[in-house]
Amino acid sequence: MSYRGRFAPSPTGDLHLGGARTALAAWLAARAAGGAYVVRVEDLDGPRVVPGAEERILEDLAWLGLDWDEGPDAGGPHAPYRQSLRLARYDAAVERLLAEGRAFRCWCSRAEVARAAAAPHGPADDGPRYPGTCRALPTPPPNDLRYRRRPSVRLRVDAEEIAFVDGVHGRTVEDPAATIGDFVIRRADGIPAYQLAVVVDDAAMAISDVVRGDDLVGSTARQLVLYRALGATPPRFAHVPLVLGPDGARLSKRHGSISVRALRDRGRSREAVVGLLASTLGLVPAGTGCAPRDLVSAFALDRILRSPTTLDPNAL
Ligand SMILES: [Zn+2]
């Protein structure tokens, strides 16, 4: 399989330095392998989508010197490259998993899952482990009010250690049945869950290598379970360690202006911004100015720093 990498921003605001750093790492990995680079806009979280943010993100990527072979503006053989235009594909995957008995409908509310959960908590942002309430309930009892609300759909996750070799961190093992349990692949409001949409798209777009932020390392085991359920070949994964603010907390707006746009507006050069991002990946010494293409020939995933690094946006 030829190398195909991607960057998948959510248009919820301007491109921030953490996202730009991930975009750079994924671009370098793709270009160093002589592969293609795809931009896919992940805009399923409707209420958080900011009008115009997609155009601004693409402008900022281009300003940094990153280019892409396929994307919402460039088109390509796997169009559309915007998730809100791909809903029929996600529904088809969910319906197939339901028909094959690999997924089931769940009528539990969030509060019910929290109350019934046996294990205290899975990974922080994923809430409590699903206790399996609706697993063995193929047809809800008629006239029971509880089953009149729209159900979500969950994937069956059986107890099993899922192992993968991460391009940055090496061998990683997780048992998603123990930490998360059967997870939601389509919400009760009909919106596909992040995990499902990402897997359906990466498979359909023949992505061979996913280079993304460390905050998603906990998603990988679930995504591997989904790849198998869908009969698709999973990509290789590499998770880039997070970038932290000067105080050691995850880089956020309270550390100052952390968008590429803000640095542009302050008159910083693209070489200075790219150099800053590359230095936090461990690819160049701090204070180096460079263009992305200068970094391609020497790039290798195992040169990326394995521990979180700090970045002070005010220092630039
Ligand atoms: Zn349930």
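How do α6 and α7 lie to each other? I started my notebook with that one.

**Ground rules.** This is a predicted model, so I noted the limits: local features need pLDDT of at least 70, side-chain atom pairs count only at pLDDT 80 or more, and totals for chains, interfaces and linings use all residues. Residues are numbered from 1 along each chain as its sequence is written, and side-chain values use heavy atoms, with hydrogens and water left out.

**α6 and α7.** I took helices as DSSP runs of H or I with at least four residues and strands as runs of E with at least two, numbered from the N terminus. Helix α6 spans residues 194-204 and helix α7 residues 220-230; their axes come within 10 Å and cross at roughly 55°. Axes here are lines fitted to C-alpha atoms, for helices over the stretch in contact, and angles run from 0 to 180 degrees between N-to-C directions. α6 and α7 are therefore oblique to each other. My angle words: under 35 degrees is roughly parallel, over 145 roughly antiparallel, 65 to 115 roughly perpendicular, and the rest oblique.

Next I listed who touches whom, with contact meaning heavy atoms within 4.5 Å. From α6 I found Y194, Q195, L196, V198, V199, V200, D202 and A203, meeting R222, Q223, L226, Y227 and L230 of α7. That contact splits into 9 nonpolar, 2 polar and 2 charged residues. For these classes, Ala, Val, Leu, Ile, Met, Phe, Trp, Tyr, Cys and Pro count as nonpolar, Asp, Glu, Lys and Arg as charged, and the others, Gly among them, as polar.

**α3 against α7.** Helix α3 (residues 87-99) packs on α7 at about 75°, with the axes 10 Å apart. That makes α3 roughly perpendicular to α7. I see A93, R96 and L97 of α3 in this contact, along with L226, A229 and L230 of α7.

**How covered is α6?** I counted 8 of its 11 residues as buried, where buried means under 20% relative accessible area, exposed over 50% and partly exposed in between (1.4 Å probe, protein chains only). The buried residues of α6 pack against β1 (4-7), α3, β7 (183-186), β8 (209-213) and α7. Just after α6 comes A206, with a positive phi of about 55° although A206 is not a glycine. A206 is partly exposed, at a relative accessible area of 29%.

**The cores.** I looked for nonpolar cores, meaning sets of buried Ala, Val, Leu, Ile, Met, Phe, Trp, Tyr and Cys residues joined through side-chain atoms within 4.5 Å. The largest holds 45 residues, and L15, L17, L28, Y37, L61, L64 and V211 touch the most other members. α1 gives the largest share, 10 residues. Leaving aside neighbours within four places in sequence, L61 is in contact with F7, L15, A23, V39, L66 and W68. Apart from that core I noted another, of 33 residues, including Y81, L196, I207 and V225.

**α9.** Here 8 of the 11 residues are buried, so α9 is largely enclosed by the rest of the structure. Its cover includes α1, α2, β10 (243-244), α8 and β11 (309-310). Just after α9, G282 takes a positive phi of about 85°.

I found a cis peptide bond joining A79 and P80, with omega about 0°; P80 sits in the loop between α2 and α3. N143 is not a glycine either, yet has a positive phi of about 65°. I placed N143 in the loop between α4 (110-116) and β4 (152-155), and N143 is exposed, with a relative accessible area of 81%.
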